[in-house]
Amino acid sequence: MPDVIDADLVETILDMAHHDVLPRGACIEAMKIVQDRYGWICDRHLKQIADLLGMSLADIDGVATYYNLIFRQPVGENVIMLCDSVSCWVMGTDGVREKLCRKLGVKMGQTTEDGKFTLLPIVCLGHCDHAPAMLINKEIYGPVRPEDIDGIIEAHREKTS
Amino acid sequence: MATIYIDGRAVEARNGENLLQACLEAGTDLPYFCWHPELGSVGACRQCAVKQFQNADDKRGRIVMACMTPATEGAIISVDDPEAKEFRGEVVEWLMTNHPHDCPVCEEGGECHLQDMTVMTGHRERRFKFDKRTHKNQDLGPLVKHEMNRCIACYRCVRFYRDYAGGEDLGVFAQHNNVYFGRYESGTLESTFSGNLVEVCPTGVFTDKPFSKVYSRKWDMRGAPSVCQHCSVGCNTILNERAGKVRRTLNRYNEDVNRYFLCDRGRYGNGFVNAPSRLRSAGYVMDGQMTPVPVAQALEQFAAFAKDGPIVGIGSGRASIESNYALRRFVGADNFSTGWAEPLHGAVTRAVDILRTTSARVMPLHEMESADCVLVLGEDVAATAPRLSLALFQTRRTACNKLADKNRLPHWLDAPVRTLGSDLKAPIHVVTPAPTDMDVSATQALRALPDDIARLGFAIANRIDGAAPAVSDLTEEETARATALADALLVAEKPVIVSGTQYASTALLDAAANIAAALVTQGKAAGLTLVLPEANSFGVATMGGLSLDAVCERAQAGQVGTLVVMEADLTRQLDASAFDTLVRSVRHLVVIDHSVTPTAERGELVVPATAFSECGGTMISMEGRAQRFLQVVYPEAPLQVSWRWVRDFAHASGHEGVLDWETLDQAVAATAAGVPAFARIVEAAPKADYELEGEHIRSQTHRVSGRTAIRANISVRDIPPPTSPDTPLKSDMEGTYTTDMPATLIPFYQVPGWNSVQSLNKFQQEIGGELRGGDVGVRVIGERGTAGYAGVAPARMALRENEVLLLPEYRAFGTGETSMWSDPIKARATEAVIRVGGDAPVARVSIQIGAEVFDVPAVNDPALPLGVALCPPHMVARSYEAPCWVTLRTISAEAAA
């Protein structure tokens, strides 16, 4: 993780800021591209984005912490987000969660020791017709049964090894 | 007016208000959290649900949020509807799921809006049986305590702090049940208005930190109406007392001035009344030693002094006009000094003269909020009169409201109105020598030296009206600036000019007055405001007197036998050698003061005066508003108000008949009679014999506890409650208390069911309008004067080669006199640093002011021109206050390392 955001990203952020009515309008997009490159938004990067867009730290961190797809803590190479909303609960997300935790050896909200996976809960993914639903990085899964977990995890492990 | 029906009762509602306001104005108890009269509605808390019916035939109705629904003609609503009631009860129950129920140890307890609303809705049994979420609290600095677990997420704090006061460092984080209001990380809240969070927060998330150390329940404290002493704005406050100590300061609503909010210097600056710096007994120098003496002996001493030649009195802008007038009457108008040295004396005198005669309107704060163009000319308002800067910041909201009108949105619909104006700047033009806190929100901020600002001002006035004095040899840039600013003022309907005495420049004041007068000739409803140095500078300058320099001259000529200094510290005006010369050249120095100042330390006879919390009196604010403050503490002898000391001195020295005042009422009447300009001050508040419903107004709540027990360690005998001839308030809990008692006598806000400061709604005729008890204070200036143009533009300010122009950099915390005896303000003040113009990094400077040399930390400021430096007044050289030329040697960062 570099101390400062790469110059090309800075340029993109400034460009977005110029095209918005108010520079701060670009803050979500700015954090997204920074996160895409570095995995998460560290304090130094947050400060840098705030300065680029003329926002206070309180202001931008308010935005960052509001969205659950912006990470303010380090995450693993793969982020697993398991729906904890009502349809998925009815359809048995509890079993999937147990299996996931056992498989990865982590609790909800934790990252595996090898840094490969982070397991997080998420609100409705809009995939209720395929409940229980799960999102890994940008791929959606559902309906997920506990017995599918091994295959899905191993597939992702291979992809990122 | 619209007629609406609340539970079958027809009530009048104002046009454009919402149902919540209408209900509250109709006296209905409708619970709410997120709505605030000054912040408008956002519909965040869902607490003010009522049922609205389409028409008389509609029996089902539907639940609406009262704060988000306009009160339209013929609207039919029900507050008592069972479904609406149940809804409100459930909202509180749900808000309480994570609330810690720690009322017994919570400092909000007993004056908590959440408590009141919970009781009001009838929720009493907890059904939620899961874990509560918990938060970590932050250290928000010396003024405000943070306890996030108590939060109900009404968003009032950020809406005040960010939207209303322009603060940047308080934010809202996360979402859902985890919503967190705080800073990015622990640290002192930067805003000068952070203390208002204590009153804005409906529960105990933000509480008063200094009060916490001397905590007492609201119902256990005596209250009294007071007036802030820490700048010339004249904000109204309530002081709370228990066991002889002032515990805290609260906002007291004044429709025209401070309304709902105070600045932190006002809220936290009153600690000086309890500080160790207080003077508690009379003292006389015997054998070179200050020795406490009984009052009788002190007066005998004075009588002896009085035989040694003429007596000269020095008054003070921090003393009441009654005390100042008493001193002037005793020593004679020719021997009375205002206590200001030149050039400040000239500037304040001129400023008050302008205010009294200007053809523009001297506007109260609230009126300025609706200005559509503000020109701030050479005054760092955010530091010298913080509450004024907050009022000026509201001009931005006024601009938003205009957009709202175009879009047919009511002004109280906060979120859309704010979004409409999100790219608006406040219509403020700041022209100052150095950056100010107002720059960020202002349309533009221009930099110029004081005399050049005056030139610019004269040029603007001349552009607006050719009859105004012209400025010769304007540069192209000056002409362009003057034209642009004149145009901006001319397109406005309600332009306001703001200046003040910060740079002690009469030319600057004349320039401001000329612009305002020129705007009046163009048919504008122009306003003018001049910030003065102290809370009662207006009163003292109106009375008039010698400058301190003139007193020094007389003293050196041997014409002063006894110098009586009343509530003034001359070392803040005279440098060490001048002060020393003055003290040596008078035969006797007598000091009347509430605190031990360096002047008092040199006094031969020193007597203890009461602080403003222990006496009554009248102060006149910068808009000529005479306001009475009343005592909340009943001090023990020998403490007495300054005018009583003056009276006793007069009697002791054989001047019977000059001053025979026994009570404050007599003092006020004599002052009003003696100074024609003050004729109306008698109307500022009811007299001491005032009774409502045949009884005096009580200053304690009816449930105050421990009347006997509180001094049981001394004696268990019941002692009568203290009395004072100077206040119409009764010192105990026996007496009357109603919501329509005179506005100037309101000792605290509380009505049954409403124990928090929100009960204020019940004291107003309409929300945000006049108090039921009438006006607060009287203006001693007429509507409009007839003064024409005055003054001549100064020459362009030329910087010197071997000297540096040192300009006073006022601070909200640090440069005030009495507030710096208060611990919270001392903790909030930062170190004195000299800011030196130019790009070269500087670590320290060695600076010669007068005869003294100071070695002070410094930084360079590229925003300042070379040859200019800024110095916080009174923090480096004690007397330094007005611009002057100094020699300054810089020690660069490298050399220091």
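Select helix α2 of chain A and colour by accessibility: the buried residues are A:Cys27, A:Ala30, A:Met31, A:Ile33, A:Val34, A:Gln35 and A:Tyr38. Here, buried means under 20% relative accessible area, exposed over 50%, and partly exposed in between, with a 1.4 Å probe and protein chains only. Helices (H or I, at least four residues) and strands (E, at least two) are DSSP runs, numbered from the N terminus.

The model is predicted: local features need pLDDT of at least 70 and side-chain atom pairs count only at pLDDT 80 or more, while totals for chains, interfaces and linings use all residues. Residues are numbered from 1 along each chain as its sequence is written, chains are lettered from A and ligands numbered from 1 in the order in which they are written, and side-chain values use heavy atoms, with hydrogens and water left out.

Remain on α2(A), residues 27-38. Its 12 residues reach 16 Å from the first C-alpha to the last, close to the 16 Å expected at 1.5 Å a residue; the expected span is 1.5 Å times one less than the number of residues. Next, display α1 (7-19), α3 (43-53) and α4 (57-66) of chain A, against which the buried residues of α2(A) pack. Contact means heavy atoms within 4.5 Å. After the helix comes A:Gly39, with a positive phi near 95°.

Now select A:Asp59 and A:Arg24. Their side chains meet in a salt bridge, 2.9 Å from N to O. The term denotes a side-chain nitrogen of Lys or Arg within 4 Å of a carboxyl oxygen of Asp or Glu. This pair links distant parts of the chain: A:Asp59 lies in helix α4 and A:Arg24 in the loop between α1 and α2, 35 residues apart. A:Asp59 is buried at 13% relative accessible area, whereas A:Arg24 is partly exposed at 39%.

Which residue of chain B does A:Asp59 pair with in a salt bridge? Select B:Arg162, whose closest N and O atoms with A:Asp59 are 3.2 Å apart. Across the interface of chain B and chain A, the rule finds 1 salt bridge.

Chain B contributes 12 residues to the contact and chain A 14 residues. Together the chains bury about 980 Å², 56% of it on carbon and sulfur atoms; buried area is the accessible area (1.4 Å probe) that two parts lose on being put together, summed over both. Highlight B:Phe173, B:Gln175 and B:Tyr184, which supply 53% of the area that chain B buries against chain A, more than any other three residues.

Two further stops concern salt bridges within a chain. In chain A, select A:Lys116 and A:Glu77, joined at 3.5 Å, N to O. A:Lys116 sits in the loop between α6 (93-104) and β2 (117-122), and A:Glu77 in the loop between α4 and β1 (78-83), 39 residues apart. A:Lys116 is buried at 15%, while A:Glu77 is partly exposed at 45%.

In chain B, select B:Glu623 and B:Arg625, whose side chains meet at 2.9 Å, N to O. B:Glu623 is buried at 3% relative accessibility, and B:Arg625 is likewise buried, at 3%.

Finish in chain A by selecting A:Lys99, A:Lys103, A:Asp114, A:Asp150, A:Glu154 and A:Arg157, which are linked in a network of salt bridges. Over all chains, the count comes to 70 salt bridges.
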